[in-house]
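Dear colleague,

I am passing on the structure below, and after it I set out what was found. Please read the notes with the model open beside them.

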Amino acid sequence: MKPALRLLACLTLATAGIAMAPISSLTQERAAHVTPDLVVGITIDQMRPDYFFRYWNHLGEGGLKRLVNEGFFFRNGHFRHGQTSTGPGHAAQLTGTTPAIHGLLGNSWYVRELDRSINVIEAVGSGFRGVGSRPDYDGEKGPVNMLTTTVGDELYLHTGHRSRTIGLSRKDRGAILPAGHTGQAYWFEGSTGNFITSTFYRDELPDWLQAFNARNLAQEYLTQVWEPLHPIDGYVESREDENPYEGRTGGSTAFPFDLPALMADGASPSLLNTTPFSDQLLLELAKGAIEGEGLGRGPVPDILSLALSATDAIGHRFGPASKQMQDHILRLDGYLADFFSYLDREFGMERVLVFLTADHGGAYIPHYLRDQGIPTGHPDNETGISGEIAGAIRGFLQDRYGRDLLLAVSNQNLFLDLPAMDALGLDPDGVRVEVKRFALTLDAVGGAMTAQTLTRTEFTLGPRAAMQHSWHQKRSGDVVIWLEPQTQGGTGTGGTGHGTPWAYDRHVPILFMGAGIPAGESMELVHVSDIAPTVANFLNSPLPSGNIGRPLNDFLRPR
Ligand SMILES: [Zn+2]
């Protein structure tokens, strides 16, 4: 019901002498075919679900706590896929499927035909250019490598092209993939501090975005010092701020971070990325998009996808358990509270369907874990699969076949040289099995599977199932390898990462709020790919083409 109509209904009830019904009972009576006006999908990059509870006593009432108290929290939400990186992570929510089907294997992946890696949003040879960017910006970007449709694409077709989907993010891929093939996407250009797009989408920035860029908010936010929001002695959930594990901003692991001084030293506006303020900026942009595009005001629902990327940059540099992560989540909590109040004022939360999730989790810093006595695969394997492990496999192939048959290592996949094997009269399946067996003799390798096993066997649980969901029959490699738990390659200079099939990378929050959804929580095993069919059902819209998700709507019915 539109706000004006709701008011009329309330007046009618009042004049009839009937006590005005609370909103909750009105929404319960809403016909099943009534859809929300606006879907707001919030993906927090590298958000671990334990952050809600780790920092619970410090949170305000209107942000993350509101989602938990007023919304429905799926506390056992996971990614199906095992290559837990940002590209496939942002594709899961609105495609309802996995890399095995949508084809987005990682943030980049090796392509045999090109003999190089392509970026997940790289439109190879398209000639697309940046719009609103500096002239030398590489604008060959769009969702062209995504093989399936999104909820927004289907809604666009379903409504006679009236529904709009807008994707916003600091990262290009975070904006582009959720926007689907028929939406619009805008992302941050770190060298200028502006939000831009590519000619895949349009030839000029919309007026509202030009006006937003003209406010120079990025530069304004960079005039402040990042200090703890509250006295840092109270951040007892986090380790010492000075420590040997974390990466550094301006040479330090510890507060405060003097952003104006770093800018004066020659930093670019991308300095904002590793501060909470880049999320504040994105939520301001979200308001600009809602107002500028009139999202949620039309005859059919619209979708706004917000990918908030500061948690990821702060997580990579300082890790979970850092004072910086604690302060960032508390600040993000405030920004979200402000944004939810905005949605209350503009629409009323019962007219909006909000979901919040992540694109992957994140690992504790391996060296920190090692010092707590937890096995990490370190320090013997600092460089991960593409370093020491690949080197050992190359040596094995040289000894065994007289030739290095390893073309590339990409996203836990080994690509072997098929023409060379053909020329040597080698059976590829036999070579794959020997490579797998050798890989399993190496320290830090947690498991391995060959292409033939992935083709002939359907796995249902654990890392093998996850790696199978990340394996595309045409795009992926010959042997899949994953590391042991708590093992990350390439973090010797401080900080941490993600990308493994283990729980800390696959377990993420999944929450829904608004649209008549009751407060509640479930420990049922659900997946991020279940969000798409759930949202599609709220919109009475067809499922995305590659959907394998399970609708969660039965959990979300008003009681
Ligand atoms: Zn990410």
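Helices (H or I, at least four residues) and strands (E, at least two) are DSSP runs, numbered from the N terminus. This is a predicted model, in which local features need pLDDT of at least 70 and side-chain atom pairs count only at pLDDT 80 or more, while totals for chains, interfaces and linings use all residues. Residues are numbered from 1 along each chain as its sequence is written, and side-chain values use heavy atoms, with hydrogens and water left out.

To begin with the loops, Gln46 sits between strand E1 (38-44) and helix H3 (50-54), and although Gln46 is not a glycine, its phi is positive, at about 70°. Leaving aside neighbours within four places in sequence, Pro256 is in contact (heavy atoms within 4.5 Å) with Val225, Trp226 and Glu227. Between the C-alpha atoms of Pro256 and Gln398, which are 142 residues apart along the chain, the separation is 52 Å.

For the chain as a whole, there are 22 helices and 19 strands. The radius of gyration, taken over C-alpha atoms, is 24 Å, close to the 24 Å that the globule rule (2.2 Å times the number of residues to the power 0.38) gives for 559 residues, so the protein chain is as compact as a globular protein of that length. Along its principal axes the C-alpha trace spans about 90 × 50 × 50 Å.

The domain assignment, whose bounds come from an automatic or database source, gives domain 1 (34-365 + 502-555) and domain 2 (374-483). Their C-alpha centres lie 32 Å apart, and the contact takes 22 residues from domain 1 and 23 residues from domain 2. The area buried between them (the accessible area, with a 1.4 Å probe, that two parts lose on being put together, summed over both) is about 1800 Å², and carbon and sulfur atoms give 50% of that area.

Across this interface the rule finds one salt bridge, where the term stands for a side-chain nitrogen of Lys or Arg within 4 Å of a carboxyl oxygen of Asp or Glu. In a salt bridge, the side chains of Asp478 and Arg112 meet at 2.7 Å, N to O. On the side of domain 1 that touches domain 2, helix H6 (99-102) and strand E3 (108-111) each supply at least two residues, and the largest share, four residues, comes from H6.

With regards
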